[in-house]
Amino acid sequence: MSSSFMADWVYTDVVKDHFMNPRNIWDKNENWEPDAFGEVGSLACGDQMRVGIKVFNDKIADIRWLTYGCASAIASTSMMSEMVKGMTLKEAYNITPTMITDALGGLPEHKFHCSVLGDKALRAAIDDYLEKNNLPNPYKDATAKIVCECRNVTDQQIEELVKTDRATTLEELQELTGYGTGCGKCKKNIEHIFEELRHIYGKS
């Protein structure tokens with residue numbers, strides 16, 4: 001077995017610590033009631049994540065989470081939960097998987113998607129909080145990234161179409177958004193985004 005292959009499986013001490021001693025786990029015996037929660041993933045796909053938040057003065061006052069996932073999912077969500085405490089909703093909504101993995105000292109490349117679960121569940125919890133309190137949500141559009149410049153398609157549009165089962169195939173996605181019908185440079189990237197979202201939301 002090559003040394004480079006073995007290196008891919010090495011976790012940092014920070015990852016190991018957060019896996020062995022995860023912070024802010026949602027203990028049902030604690031009688032902790034969130035102001036809102038978000039959930040992503042599916043047990044059918046092997047990963048599921050729930051994040052609950054308490055909000056005070058537009059900031060994340062407290063957070064809890066539960067996951068059925070691998071060591072990377074546990075460690076990345078534990079780290080994320082520590083990072084966002086005290087953040088404004090805007091700051092927390094803008095936290096990225098890269099920020100989480102950097103704080104962990106890195107994750108093996110094939111495990112990077114695990115950090116997306118906590119990130120998306122947190123955003124879903126913030127969405128839930130704003131909706132429950134009849135507050136505007138300026139964060140969704142602000143965090144959207146254009147992934148098809150020719151047709152002005154954003155990653156948020158694709159996520160919403162996948163999450164709501166309006167796009168279950170790439171063909172349906174193309175019909176709804178027109179992605180890839182211009183220069184076509186976006187096709188590979190959007191195919192990757194689509195498959196990743198299908199996995200995250202338990203559609204595959």
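Visitor: Which residue forms a salt bridge with Arg-50?
Guide: Glu-39 does, and the closest N and O atoms are 2.8 Å apart. A salt bridge here is a side-chain nitrogen of Lys or Arg within 4 Å of a carboxyl oxygen of Asp or Glu. Keep in mind that this is a predicted model: local features need pLDDT of at least 70, side-chain atom pairs count only at pLDDT 80 or more, and totals for chains, interfaces and linings use all residues. Residues are numbered from 1 along each chain as its sequence is written, and side-chain values use heavy atoms, with hydrogens and water left out.

Visitor: Where do Arg-50 and Glu-39 lie?
Guide: Arg-50 is in strand S2 (residues 47-56) and Glu-39 is in strand S1 (residues 36-42), so their pair ties together parts that are eleven residues apart in sequence. Helices (H or I, at least four residues) and strands (E, at least two) are DSSP runs, numbered from the N terminus.

Visitor: Is Arg-50 buried, exposed or partly exposed?
Guide: Arg-50 counts as partly exposed, at 31% relative accessibility. Glu-39 also counts as partly exposed, at 38%. Buried means under 20% relative accessible area, exposed means over 50%, and partly exposed is in between (1.4 Å probe, protein chains only).

Visitor: How many salt bridges does the structure hold?
Guide: Ten. One of them joins Arg-23 and Asp-17, with the closest N and O atoms 2.8 Å apart. Arg-23 is partly exposed at 24%, and Asp-17 is partly exposed at 31%.

Visitor: What about Glu-159 and Lys-120, buried or exposed?
Guide: Both are buried. Their side chains meet in a salt bridge at 3.1 Å, N to O. Glu-159 lies in helix H8 (residues 155-163) and Lys-120 in helix H6 (residues 114-132), so this pair ties together parts 39 residues apart in sequence.

Visitor: Switching to rings. How many aromatic pairs are there?
Guide: Two. Trp-26 and Trp-32 make an edge-to-face pair, 5.6 Å centre to centre with 85° between the planes. Rings of Phe, Tyr and Trp (its six-membered ring) pair if their centres lie within 6.5 Å; planes under 30 degrees apart count as stacked, over 60 as edge-to-face and the rest as tilted. Trp-26 is buried at 12% relative accessibility, and Trp-32 is buried at 9%.

Visitor: And why is the Tyr-93 and Tyr-139 pair called tilted?
Guide: Their planes are at 40°, so the pair is tilted, and the ring centres are 5.5 Å apart. Tyr-93 sits in helix H4 (residues 89-93) and Tyr-139 in helix H7 (residues 139-143), 46 residues apart, so to speak linking distant parts of the chain. Tyr-93 and Tyr-139 are both buried.

Visitor: Back to Trp-32. What sits over its ring?
Guide: The charged end of Lys-54, 5.3 Å from the ring centre. The cut-off is NZ of Lys or CZ of Arg within 6 Å of the ring centre and within 35 degrees of the ring normal.

Visitor: How many residues are in the largest nonpolar core?
Guide: It has 47, and those with the most contacts inside it are Val-51, Ile-53, Val-84, Leu-122, Ile-126 and Ile-158. A nonpolar core is a set of buried Ala, Val, Leu, Ile, Met, Phe, Trp, Tyr and Cys residues joined through side-chain atoms within 4.5 Å. H6 gives this core its largest share, seven residues.

Visitor: How many of the residues of H3 are buried?
Guide: Eleven of the 14, so H3 is largely enclosed by the rest of the structure. Among the buried ones are Ile-74, Met-79, Met-80 and Val-84. Gly-86 follows H3, with a positive phi near 90°.

Visitor: Which residue other than glycine has a positive phi?
Guide: Asn-24 is one of them, with phi near 60°. Asn-24 is in the loop between helix H2 (13-20) and S1, and it is buried at 13%. Asn-31 also has a positive phi near 60°. Asn-31 lies in the loop between H2 and S1, but it is exposed at 63%.
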